[in-house]
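Please consider the structure shown below.

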Amino acid sequence: FRDVHVQVLLSFGLLVAFLSRCGPGSAAIIILITAFSIQWAILIQGMLYFSLDSKISVGAQSLVRADFCTAAVLISTGALLGRVNPVQMLLLALLEVTLCTLNEFILLSLMGVSDTGGSLTVHTFGAYFGLMVSRLLYQPHKDKRKREEQQDKGHQTGAFAVVGTIYLWIFWPSSISTTTVHHNAENWAVLNSYFSLVASTVSTFILSPLLYEESTPRLVQIQDATLAAMAVMGMAGEMLLTPFGALIAGFLVGLISSLGFRFFTPVLHSKLKIQDTCGVHNTHGLPGVLGALLGTLLTLLATADTFGYRLELVFPLVAQGSRTVTDQALMQLGALPLTLLLATLGGCITG
């Protein structure tokens, strides 16, 4: 819980502090949104997961789930910073926490989907929810100002990027595996996350000099690669990815994220009229979708011979014989369009 909470407050707070015009104010809004969203998430999640005696149980797991839901809200705010006031942010949190909890309940409880690290429920949902709100709040006169901020973000507040990157490296593998801890079972999520993390960082160092004039990548780019690596591991992290597979996945998502910032983000601005302030599409949205697809492929390998005793921990319905591996893979795949639908509709309503 501590590691998850550090991620939510410190890493996301420092991630938005690069904005030269509204950095301190953005960090303050992050604290406000976190304080509000945690309370609302515990209440809404308790109403959906209430126990037999109709009471809301509060414990470490409920706090972790609330932090995960808060992380999705903070991802959405990354696409809107500088264009909405704190009261509007609170309204966004009020609506998004409700829909995010509903999406998580449908996926994890009703469909039996395995997404403990939040590729879909946190990264994908938060990114596309925020992007749809940003689309409906499009302000043409903010384009020039936002481009100036993007040019400054690697130079004026480098210290924030340094600290944020270090905290991401230290705490993210632990936070992504929080809900996969099962007594003495081997924690594959930590191992796969670390391998993905180092590979995505290396690929960013390789590709950035080819895409930009700088000989070495800015720390904000390393921070983005770190987030992308963790987003792609959200669903697949606790599955049988193997170290080699995690390295390949991390390396590719680092390349895709860097290419997205260089080529796809301008298309979002010019063609789709989406002002993505912090680039959440390339750091959370697209890697989250790729993580869901990777998790679907790995689900097809879920047999007693390959997973051993961990099959019951990762896919309990398959282990019990009430669902085949193919059915489970279809459920994992079907969760992606459902999440995108809820996120886009919810973003439209909120916008």
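What follows is an account of ring pairs and charged residues in this model.

The model is predicted. It contains 3 aromatic pairs. A pair of aromatic rings is described by the distance of the centres and the angle of the planes. For F125 and F129, the ring centres lie 5.8 Å apart and the planes meet at 25°. Because planes under 30 degrees apart count as stacked, this pair is stacked. F125 and F129 both belong to helix α5 (residues 119-136), where they are 4 residues apart, so about one helical turn separates them. F125 is buried, with a relative accessible area of 0%, and F129 is likewise buried, at a relative accessible area of 0%.

Another aromatic pair is formed by F307 and F315, whose ring centres are 6.2 Å apart. The angle between their planes is 50°, and the pair is tilted. F307 and F315 are both buried. Ring pairs also bring in W188, which is linked with F307 and F315 into a cluster.

The account now turns to charged side chains. The charged end of R262 is placed over the ring of F263, at 5.5 Å from the ring centre.

E96, a residue of helix α4 (residues 86-110), is buried but has no salt bridge.

Note on methods. Residues are numbered from 1 along each chain as its sequence is written. This is a predicted model: local features need pLDDT of at least 70, side-chain atom pairs count only at pLDDT 80 or more; totals for chains, interfaces and linings use all residues. Side-chain values use heavy atoms; hydrogens and water are left out. Rings of Phe, Tyr and Trp (its six-membered ring) pair if their centres lie within 6.5 Å; planes under 30 degrees apart count as stacked, over 60 as edge-to-face and the rest as tilted. Helices (H or I, at least four residues) and strands (E, at least two) are DSSP runs, numbered from the N terminus. Buried means under 20% relative accessible area, exposed over 50%, partly exposed in between (1.4 Å probe, protein chains only). A charge sits over a ring if NZ of Lys or CZ of Arg is within 6 Å of the ring centre and within 35 degrees of the ring normal. Lys and Arg count as positive and Asp and Glu as negative; His and the chain ends are not counted. A salt bridge is a side-chain nitrogen of Lys or Arg within 4 Å of a carboxyl oxygen of Asp or Glu.
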